[in-house]
Amino acid sequence: MIKGYFGLTEAPFTKYVPAANLFHSQAWQELSARLDHIVKNRALGVITGEVGAGKSTAVRALSSRLDPIRYPFIYIADSGLGPRGFYREVLSQFGVTPAFYQRDARRQFDRVLMDAYENQGKQPVLIIDQAHLLSASMLAEVRFLTNFQFDSLSPFALILVGQPELRATLRLRAFEPVRQRISVRYHLGGLEEQETRAYIEHVLTVEGDPAGHQQPLHRLPPGCHGPGRTDRRRGQRTAGATGLRAVVEGFSQVAIEGSAEGPSSLRPTGGT
Ligand SMILES: Nc1ncnc2c1ncn2[C@@H]1O[C@H](COP(=O)(O)OP(=O)(O)O)[C@@H](O)[C@H]1O
Ligand SMILES: [Mg+2]
């Protein structure tokens with residue numbers, strides 16, 4: 001639908017946007033810089049944002065700009081993950097059979113990660129996505145994960161990524177020891193109106209047909225801020241990337257059903 005109306009070669013706003021086609025909003029750039037900082041300093045970082053804000057995409061982009069040999073990238077997005085499952089996952093990625101008992105697996109984890117760092121010149125990057133769904137036991141375990149050599153040195157970076165509830169959970173007293181170890185926090189907000197327009201134009205341009213049917217949008221479709229979520233901190237309505245897909249698809253459908261030109265709000269500039 002949207003593909004035909006804008007003369008695109010691919011359906012835009014798809015789940016996997018190639019790294020080269022990503023839209024670099026202000027917030028995106030800030031997030032990317034923080035992710036790089038966490039990796040470089042082998043720190044513990046917490047990234048939050050509403051569903052569709054672009055968190056997982058940013059993490060994917062991070063992995064694509066890191067040398068996989070030097071920065072082994074371990075991405076876990078299993079909501080039912082407990083400490084045992086976590087150690088099993090990480091250790092098996094390093095080719096080590098995990099011990100049965102959690103305490104032993106924790107020691108193995110320490111040994112394997114330290115060996116990778118000290119003897120192999122590697123700086124592993126561990127990502128736990130959907131971290132707002134982590135069990136209390138797994139969140140508490142994060143403290144041990146970051147407890148290397150009495151806090152003086154960590155051989156890896158750990159990034160927890162999740163919806164805003166994650167921040168609230170980490171504020172609980174039980175997680176105070178974990179909270180103390182977090183050195184980078186970032187909340188990825190939605191796009192403001194100006195950037196929303198730029199984002200839609202960007203997607204329609206980078207995924208457009210070289211024959212040139214695509215044109216920048218004349219005006220943001222009314223309601224583009226509708227499907228976004230309220231940025232709780234700032235009390236503003238903002239649009240997440242996923243919501244925009246629905247809006248623009250909806251508008252192109254109306255355009256095709258309603259008139260040959262489409263609604264004025266979506267009519268490309270330069271057209272009639
Ligand atoms: N920087 C970006 N540029 C272009 N599209 C993006 C960007 N970030 C996210 N998207 C789009 O938004 C969708 C949702 O992003 P995602 O990273 O899955 O959100 P989250 O993990 O925060 O829920 C992606 O599938 C992609 O289509
Ligand atoms: Mg995600």
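## Model and confidence

pLDDT is the predictor's confidence in each residue, on a scale from 0 to 100. The protein averages a pLDDT of 78, and 68% of the residues score at least 70. Residues 210-219 have a pLDDT below 50, and beyond near neighbours in sequence this stretch has 26 contacts in the model (a contact is two residues whose C-beta atoms, placed from the backbone, lie within 7 Å). Residues 251-272 also fall below 50, with 35 contacts beyond near neighbours in sequence. Where pLDDT is low, the predicted coordinates should not be read in detail.

This is a predicted model: local features need pLDDT of at least 70, side-chain atom pairs count only at pLDDT 80 or more, and totals for chains, interfaces and linings use all residues. Residues are numbered from 1 along each chain as its sequence is written, while chains are lettered from A and ligands numbered from 1 in the order in which they are written.

## Overall composition

The protein has ten helices and seven strands; these are DSSP runs numbered from the N terminus, helices being H or I of at least four residues and strands E of at least two. Of the 272 residues, 35% are buried (20 or more other C-beta atoms within 10 Å of the residue's own, C-beta atoms being placed from the backbone). Among contacts between residues at least 6 apart in sequence, 72% join residues at least 24 apart.

Strand E3 spans residues 125-128 and is covered on both faces. Val 125 and Ile 127 are buried on one side, Leu 126 and Ile 128 on the other. In a regular strand the side chains alternate between the two faces of the sheet.

E3 pairs with strand E2 (residues 73-76) in the parallel sense over four bridges; strands pair if DSSP finds at least two bridges between them. Here Leu 126 of E3 stands opposite Ile 74. Four bridges also join E3 to strand E4 (residues 157-162), again in parallel, and Ala 157 in E4 is the bridge partner of Val 125.

Notes. Buried ≥ 20, exposed ≤ 12 C-beta atoms within 10 Å, placed from the backbone.
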